Amino acid sequence: MTTTTLRFENLHRRFGRLAVLKGVSGAVEPGGMLLVTGANGSGKSTLLRCLSGLLAPDAGTIEYREKGTGLDTAERRLRVGVVAPDLAFYGELTVAENLDFFSRLRRVSAARGFAILDRLGLPTDRLAGALSSGMRQRLRWGWALLHSPLLLLLDEPFQNFDAPGERTARELLAEHLAEGGLAVVANPATLEFDHAAQRLDLGG
Amino acid sequence: MKKLLAWLLWLWMSLVILGAFLYAPLAKGFIGESSRILFFHVPMAWVSFVGFIAAAVWSARYLFFGRDPRHDRAAAVAIELGLVFGVLATVTGALWARIMWGAYWNWDPRQTSLLVSLLFYAAYLALRAAVDDRETRGRLSAAYALLGLVVTPFLYWVVPRITYSLHPDPVVNAQGKVEMEARMQHVLYASGIGFAALFFWIHNLQCRVQALLDRKSAL
Amino acid sequence: MRHSASTWVAEAAAVFMKEWRCEFRTRYSLNTLALFAFTTLVVVSFSLGPLGVSLSKGTALLPVLLWITLLFSVAAGLPRAFVQEEETQTAMALRLAATPSALFCGKLLYGLTLVFALEALVTPVYVAMTSLAIASPGLLVVVLAAGGYGLAVGSTLVAAIIAQARTKGTLFSVLAFPVLLPLLVLAVELTRVAASGTAPDVALPQLLLYDAVVTVAGLMLFPVVWNP
């Protein structure tokens with residue numbers, strides 16, 4: 001099978017005394033989107049951080065296969081596209097310099113990133129430290145899609161967006177799914193999506 | 001079974017202490033009875049070092065072979081005990097130095113090397129205290145322990161070569177011959193075995209206590 | 001997999017360039033290092049001048065003071081390379097994009113250039129201010145290079161460790177000192193040798209061995225320190 005799939009089983013994570021993930025499982029198929037819902041503090045961001053490889057779960061497994069090949073955590077971490085509220089960039093560098101730096105790290109051309117930012121309407125000569133919160137969110141999307149990831153992990157993806165920004169971002173997400181990509185989305189401002197999405201409710 | 005071994009250890013150490021004062025002769029060149037401190041000071045320094053090696057081994061197992069929290073716990077306890085034994089070795093060494101050389105501290109390279117090792121242990125424990133998340137704490141302290149392991153040989157082999165040493169000649173010299181009277185050797189090695197057994201016994205107890213404490217703090 | 005040697009180098013180079021680009025726009029580390037170094041230099045020259053330390057005591061003392069100046073300046077300025085990534089939260093993006101070994105080398109290279117710049121600045125001034133006679137300038141350059149490298153590589157690894165802990169300022173010194181002590185002892189010894197012109201015995205190979213060992217340890221331990 002040469003498809004891309006994500007499967008996670010029985011994930012546990014605690015912080016000190018607080019058990020945040022208590023045996024969470026789920027799966028995403030090509031073109032599929034998993035919508036993670038739950039009250040504040042129910043573990044949505046923690047789950048996404050485990051899936052992106054930024055946090056190691058105390059127990060449980062995460063299995064990610066990209067085009068048939070299984071990737072370990074280190075490989076998965078470099079392959080995913082992440083949008084999150086605490087994702088930050090270098091304030092002393094311009095948007096263009098930030099994109100250029102990360103495209104060198106990812107060993108891809110920066111063209112796609114610039115194209116996305118152009119679509120979202122973000123001027124690239126401004127210092128990243130001088131961006132408004134809405135513009136920062138656009139930069140996050142450009143950064144996330146820079147290397148054409150097959151798995152998107154989106155935590156509060158439309159936060160701080162104005163209406164046009166949100167519309168474009170939803171288009172980008174829809175295009176990503178239409179091309180067979182996977183997405184796990186948490187904390188969306190509104191829970192409506194054009195396409196059907198599986199739900200995972202973490203309760204709380 | 002455990003109780004039997006504990007009693008055996010008590011008996012062994014009692015014999016060592018008796019042997020140190022009654023069985024072993026006095027070493028030449030030392031003032032009065034002071035050479036008897038050898039049977040306690042030297043094994044404690046050995047055991048402190050053994051503790052460090054054990055901690056490094058457990059740290060490596062934690063980092064590269066499965067991230068088992070028990071290995072992390074074992075490493076931390078080994079460092080704590082290594083610190084305790086190391087402090088005792090330093091203190092007994094300082095007492096001996098006072099008798100033999102007139103001052104508690106002489107910047108003798110061996111004294112200094114032991115002290116710097118203790119700085120490593122204390123730094124390791126300070127690092128653990130400064131990290132709240134269990135997974136991060138295990139990872140960072142294990143890495144630091146391994147860094148300490150690769151650097152320590154330089155401390156022990158480099159520093160003594162640079163300055164004149166007040167320390168008595170190494171007991172085992174270049175030819176591999178042991179230059180100590182037979183009875184002193186008996187007591188010294190018996191003491192070494194006793195202290196090592198003591199270390200691992202306390203280590204085992206403390207790991208079990210710590211495991212219970214960890215379980216309690218997670219409830 | 002995405003690895004190939006030439007692009008790994010390009011990654012490390014990108015990290016190095018990014019560090020310097022950010023540094024030139026704020027000058028924070030350069031200023032800190034320079035300020036620290038000059039303050040220490042002034043204090044040293046005061047203690048040897050107006051307070052009058054004899055020349056013979058001076059030659060024994062001066063190499064030590066030079067390396068202490070370098071050590072404290074490095075401790076003041078180098079950890080920022082990793083601490084700042086955590087504090088400004090750019091570490092997240094870096095974790096998701098950079099190959100750990102390339103990141104380590106890029107940061108190390110940056111630290112190295114900082115240390116060498118510091119040494120180039122401090123050493124001539126120090127030698128002039130203290131009228132220290134150097135019998136083998138060639139050996140001195142080698143010691144500064146090898147010793148400076150050791151300072152950089154040890155500090156970079158320890159900085160990566162403490163960046164994820166609390167109380168980063170004091171913790172860096174506490175963790176770095178035992179690690180760097182053998183290096184300092186060897187470097188001071190060799191500086192004395194360079195000043196007095198005697199023959200260096202095993203100290204120089206030992207210093208180079210230290211550098212090699214800590215480099216290998218850094219390459220092996222950094223990925224584990226950096227990522228969960």
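Mentor: Begin with burial: a residue is buried if 20 or more other C-beta atoms, placed from the backbone, lie within 10 Å of its own. Helices are DSSP runs (H or I, at least four residues), numbered from the N terminus. This is a predicted model, in which local features need pLDDT of at least 70 and side-chain atom pairs count only at pLDDT 80 or more, while totals for chains, interfaces and linings use all residues. Residues are numbered from 1 along each chain as its sequence is written, and chains are lettered from A in the order in which they are written.

Trainee: Why is helix 1 of chain A largely enclosed by the rest of the structure?

Mentor: Nine of the nine residues of this helix (residues 44-52) are buried, so it is largely enclosed. Among them are K44(A), R49(A) and S52(A). After helix 1 of chain A comes G53(A), with a positive phi near 90 degrees.

Trainee: How many residues of chain B and chain C take part in their contact?

Mentor: Two residues are in contact if their C-beta atoms, placed from the backbone, lie within 7 Å. Chain B gives 26 residues and chain C gives 26 residues. On the chain B side, helix 5 of chain B has the largest share, 17 residues. That side divides into 21 nonpolar, two polar and three charged residues. Here Ala, Val, Leu, Ile, Met, Phe, Trp, Tyr, Cys and Pro count as nonpolar, Asp, Glu, Lys and Arg as charged, and the others, Gly among them, as polar.

Trainee: Which helix of chain A gives the most to the side that touches chain C?

Mentor: In that contact, 23 residues of chain A meet 21 residues of chain C. Helix 3 of chain A gives the most to the chain A side, with five residues.

Definitions and conventions
Helices (H or I, at least four residues) and strands (E, at least two) are DSSP runs, numbered from the N terminus. A residue is buried if 20 or more other C-beta atoms lie within 10 Å of its own, exposed if 12 or fewer, and partly exposed in between; C-beta atoms are placed from the backbone.
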